[in-house]
Amino acid sequence: MSSIGTGYDLSVTTFSPDGRVFQIEYAAKAVDNSGTVVGIKCKDGIVIVIEKLIASKMMLPGSNRRIHSVHRHSGMGVAGLAADGRQIVARAKSEAHNYENTYGEPIPIKELADRVASYVHLCTLYWWLRPFGSGVILGGYDRDGPQLYMVEPSGVSYRYFGAAIGKGRQAAKTEIEKLKLSEMTCRQGVIEVAKIIYGVHDEAKDKTFELEMSWVCDESNRQHQKVPEALLEEAKEAAKTALEEMDAD
Amino acid sequence: MNDINSPHSMGTTIIGVPYAGDVILGADSRTSTGLYAANRDSDKITQLTDNVYLCRSGSAADSQIVSDYVRHFLHQHMMQLGQPATVKVAANLIRLLSYSNKNMLQTGLIVGGWDKYEGGKIYGIPLGGTIVEQPFAIGGSGSTYFYGFFDQEWKDGMTKDEAEKLVVKAVSLAIARDGASGGVVRTVIINSEDVTRNFYPGDTLPLWHEELAPQNSLLDILSSASPEPMVS
């Protein structure tokens, strides 16, 4: 795999001779090994979907949510270490709240992404802190329209049309690139991403999974909410059918 | 006498009127300390950003310091966001200062400007620190004299000329009656493209009931025909 740090990877405040900070790269591995998270920007909103790997049969369905609302108009899907992710979400909620109290308007998504990225980056600067072992896909709808951002453990944040992190990200990205997102509504997007997640889920290696989906779009009145039950079921059915058709070939 | 040592106050008349998606702000120019006009030519419409201006009334010092702070915070905000500030954000920052310091400040403010999301907007922030988005706003001691006038004369969808004439007329009405308002009328028009400042010196303003025409020189009175002698 990648080169071993051998001495340069003991602390996040140490550079290697070839200019890498290994601790940050190791933190990114934690994200790479988690369940896939996909986000897409359709013409009327954002859809975030998570392949939530179920650790134990005794867990209640719907527990251990990995998509969280940050504010009325935005939400975050978390990959990697769940507890680290919870901290990032808490910070994002706090930033959004403070911004609105000070400036009297909901925080612009770009500003929210900048603040979350700054916070994640902060934790890569001191030897007495460790980097977050989680990445987030942040989607929101403000007065500049729907926007999708991804924040990695290094603190880097970019704006995307479609983003994927976690185990199945390579395959997921290939599938996303095939979609014509600018012509798609969220309603259609929900079906498409469900198919993608079912497609990238590795039955052999991984346990069963639960599909968690949320959206923020014109249809949801620009509020971030769970995809309605009926549509979720429809998406799951479509995804299972698509999978069977593929297997049948 | 209370004059020389009184705190500077801008008794004032200030107005903000949106029209056709843009905004016009108007004010008089008198700053008084007690009965003395400390500045007869003040500019009470101050700039916060390229697209947002503020009409100040009440204590001159208080309104100036508030506008200075808000200008500073707004610029920081704009640098962070990377785009012009919105009128709503400017108004909220003013409101936060006015409300938190309500025990010490005595200033009524009108925020007016143009941004690409909402167009031209006016916000009134009176004493105490409420924030009210209004179709038009009037403030200052002189405004009491034209509440009824504005209720009657203001209408939705005015043109730029109609709005400006209304503002100038109202300020001149207040100047006629309010001792703490006087001098010239200044207006600022803000739209999507630019900002225009206009200046109406006292002698261009209409005269109202029983107001005397201004005299340029006492010599004019002497050289005109003497009045009829009174005959008992």
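Chain B averages a pLDDT of 90, and 92% of the residues score at least 70. So keep in mind that what you're looking at is a predicted model; its overall scores are ipTM 0.85 and pTM 0.88.

**The five-strand sheet**

- Five strands of chain A line up as an open sheet in the order E8-E1-E2-E9-E10, with antiparallel pairing.
- Strands of a sheet pair through backbone hydrogen bonds, and they can do it either parallel or antiparallel.
- At the edges sit strand E8 (162–165) and strand E10 (225–226) of chain A, each of which pairs on one side only.
- Further in, strand E2 (residues 45–53) and strand E9 (residues 209–217) of chain A are antiparallel partners joined over nine bridges.
- If you want a landmark on that pair, look for A:Ile50, which stands opposite A:Glu212 in E9(A).
- Helix H4 (residues 169–178) of chain A lies across strand E1 (37–42) and E8 of chain A, and runs at about 165° to E8(A).

**A buried threonine: A:Thr36**

- You'll find A:Thr36 in the loop between helix H1 (22–32) and E1 of chain A.
- Is A:Thr36 buried or exposed? It counts as buried, because its relative accessibility is 0%.
- Its side chain makes a polar contact with the side chain of A:Glu51, at 2.7 Å.
- A polar atom of the A:Thr36 side chain also lies 3.0 Å from the backbone nitrogen of A:Gly168.
- Leaving aside neighbours within four places in sequence, the residues in contact with A:Thr36 include A:Val49, A:Ile50, A:Ile165, A:Lys167, A:Ala172 and A:Val200.

**Salt bridges that link separate parts**

- Side chains of opposite charge can pair when their charged atoms come close.
- How many salt bridges are there over all chains? The count comes to 24.
- One of them joins A:Arg72 and A:Glu100, whose closest N and O atoms are 3.2 Å apart.
- A:Arg72 is in the loop between strand E3 (67–71) and strand E4 (74–80) of chain A, while A:Glu100 belongs to helix H2 (residues 82–103) of chain A, so this pair ties together parts that are 28 residues apart in sequence.
- A:Arg72 counts as partly exposed, at 45% relative accessibility.
- Another salt bridge brings together the side chains of A:Glu105 and A:Arg143, with 2.7 Å from N to O.
- Here A:Glu105 lies in the loop between H2 and helix H3 (109–122) of chain A, and A:Arg143 lies in the loop between strand E5 (134–142) and strand E6 (145–151) of chain A, so the parts tied together are 38 residues apart in sequence.
- A:Glu105 is buried, with a relative accessible area of 5%, whereas A:Arg143 is partly exposed at 32% relative accessibility.

- Where do A:Lys110 and A:Asp114 lie? Both are in helix H3 of chain A, four residues apart, which is about one turn of the helix.
- A:Lys110 is partly exposed, with a relative accessible area of 39%, and A:Asp114 counts as partly exposed at 29% relative accessibility.
- Elsewhere, salt bridges that share partners join A:Lys52, A:Arg65, A:Glu210 and A:Glu212 into one network.

Methods: Residues numbered from 1 in each chain as written. Chains lettered and ligands numbered in written order. Predicted model: local features only at pLDDT ≥ 70, side-chain atom pairs only at ≥ 80, totals over all residues. Heavy atoms only, no water. Salt bridge = Lys/Arg side-chain N within 4 Å of Asp/Glu carboxyl O. Helix = DSSP H or I, 4+ residues; strand = E, 2+ residues; numbered from the N terminus. Buried < 20%, exposed > 50% of the residue type's maximum accessible area, 1.4 Å probe, protein only. Pairing = 2+ DSSP bridges. Contact = heavy atoms within 4.5 Å. Axes fitted to C-alpha atoms, helices over the stretch in contact; angles between N-to-C directions. pLDDT = per-residue confidence, 0-100. Polar contact = N/O pair within 3.5 Å; in protein donor to acceptor, adjacent residues only side chain to side chain.
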